[in-house]
Amino acid sequence: MLKCMENIGELKELLATPKAILLTTHRNPDGDAMGSSLALYNFFVRRGHTVNVLVPSEYPDFLEWMPNIEKVLIHDLEPETGKRRIEEADLIFSLDYNGLDRVDKMGELIGKQTNTKKVMIDHHLYPDDFADFVMSDTTASSTCEMVYDFLYLLGEQNGIDPVVGECIFTGILTDTGSFKHATSAKLFRIVAELLERGVDDYMLQDLIFNTMKAKNLKLLGHCLYNRMEILPEYQTGIIYLTKEDYEHYDIKRGDTEGIVNYLLRLRNVKVAAFIHEQPKITKISLRSKGDISVQEIAKMHFKGGGHKNAAGGASFIGLDNTIKKFKSLLPSIRALANPS
């Protein structure tokens, strides 16, 4: 589904004079969330606007190199300052999320700002109706791809300089799993243009993927050797982590990024699940190959969502029961993998 901001002219008029712009993204922000936020931050600052980035929770360490990331405000750590930024904003951008529940307490505060114009740019299914300006494209690889399109809609393609381009490239690279899924001919044309504009793709690959700590490799080894289960009859692989694992390996935000994808390297695995136990919640990340939609599984059974081949959710029934619940769904998943 594509909704391409039909009232873009009105937004252009608003942006024609300096505004207080607040850029927001979802809890546990990933490369696409931070890439889209910082791409627009660096763009709007250079256009004379007063710009702030507000995120619900901390971003992973492997993104610390991003330009101006040190100026990002984390609501969990500074809730009063975050509240003021929301109340002071003339325009609030919702990036990489399409429902105010995805930003927790921030969402409640944003919803109360009835006189503040809101802009949503997102590529997830089933957007809520809370924004005045909506750009929604479920076929896009990432929100960063849509930010690139958004700047063209504004007639500001010349504003995509190497700094803005680096941020856009980061979101595209991470959300496609290094161009393994959700790609298109259009996407590669965008990437080619980013490189022509001065983006150093080799440098970004190195910054994003080659800055692991020793404990991360040890954790990966533990996951693959001690916490992996393959169910060949369902073409499914599962990796799980306990609370004790989190303590033993001192796991921080972002340390488990990408672990689920290792399961899909197996020839006969079409569905991968990474199930990890948090203090109050059990999270599940799902990946798939081909036409199997894990988005539907996440939405129907784990109060989550995402994309066809990459989705996630959560449960409140503990690690063991969550694993049992997921396994109970495997016969229906097998039917998707082997349609009659």
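## Surface and overall build

The chain exposes about 16,000 Å², and carbon and sulfur atoms supply 50% of that area. Keep in mind that this is a predicted model. On the charge side, there are 40 positive and 47 negative side chains, and the centres of the two sets sit 4 Å apart.

As for overall dimensions, the C-alpha atoms fill a box of roughly 60 × 45 × 40 Å along the principal axes. A compact globule of 340 residues would have a radius of gyration near 20 Å, and the chain's 20 Å agrees with that. In secondary structure terms, you get 13 helices and 13 strands. Of the 340 residues, 52% count as buried. Take the contacts between residues at least 6 apart in sequence: 65% of them join residues at least 24 apart.

The largest nonpolar core holds 52 residues, and the members touching the most others are Leu 23, Leu 40, Phe 44, Phe 93, Ile 121, Phe 150 and Ile 168. Helix α2, residues 31-45, gives the most to this core, with seven residues. Apart from this core lies another, of 20 residues, with Leu 231, Leu 286, Ile 292 and Ile 333 among them.

Ile 121 is a handy place to look at the packing in the 52-residue core. Skipping residues up to four places away in sequence, Ile 121 touches Met 5, Leu 40, Phe 93, Ser 94, Leu 95, Asp 96, Met 135, Thr 143, Met 146 and Phe 150.

## Ala 39 in helix α2

Ala 39 sits in helix α2. It counts as buried because its relative accessibility is 0%, with under 20% being the cut-off. Not counting residues up to four places away in sequence, Ala 39 touches Val 147, Val 164, Cys 167 and Ile 168.

## Buried loop residues

Leu 63 belongs to the loop between β3 (50-55) and β4 (73-74). With a relative accessible area of 0%, Leu 63 is buried. Leaving out neighbours within four places in sequence, Leu 63 contacts Asp 30, Gly 31, Met 34, Ile 69 and Thr 170.

Setting aside neighbours within four places in sequence, its contacts are Ser 141, His 181, Ala 182 and Leu 187.

## Positive phi angles

Most residues other than glycine have a negative phi, so a couple of backbone spots deserve a look. Asn 68 isn't a glycine, yet it has a positive phi of about 70 degrees. You'll find Asn 68 in the loop between β3 and β4, which is also where Leu 63 is found.

Asp 96 is the other case here: its phi is near 65 degrees, a positive value in a residue other than glycine. Asp 96 lies in the loop between β5 (91-95) and α4 (105-112). It is buried, with a relative accessible area of 2%, and it turns up among the residues that Ile 121 touches.

Notes. Residues are numbered from 1 along each chain as its sequence is written. This is a predicted model: local features need pLDDT of at least 70, side-chain atom pairs count only at pLDDT 80 or more; totals for chains, interfaces and linings use all residues. Side-chain values use heavy atoms; hydrogens and water are left out. Helices (H or I, at least four residues) and strands (E, at least two) are DSSP runs, numbered from the N terminus. The radius of gyration is taken over C-alpha atoms; the globule rule is 2.2 Å times the number of residues to the power 0.38. Buried means under 20% relative accessible area, exposed over 50%, partly exposed in between (1.4 Å probe, protein chains only). Contact means heavy atoms within 4.5 Å. Accessible areas come from the Shrake-Rupley method with a 1.4 Å probe; for residues, only the protein chains shown count as cover. Lys and Arg count as positive and Asp and Glu as negative; His and the chain ends are not counted. The place of a charge is taken as NZ of Lys, CZ of Arg, CG of Asp or CD of Glu. A nonpolar core is a set of buried Ala, Val, Leu, Ile, Met, Phe, Trp, Tyr and Cys residues joined through side-chain atoms within 4.5 Å.
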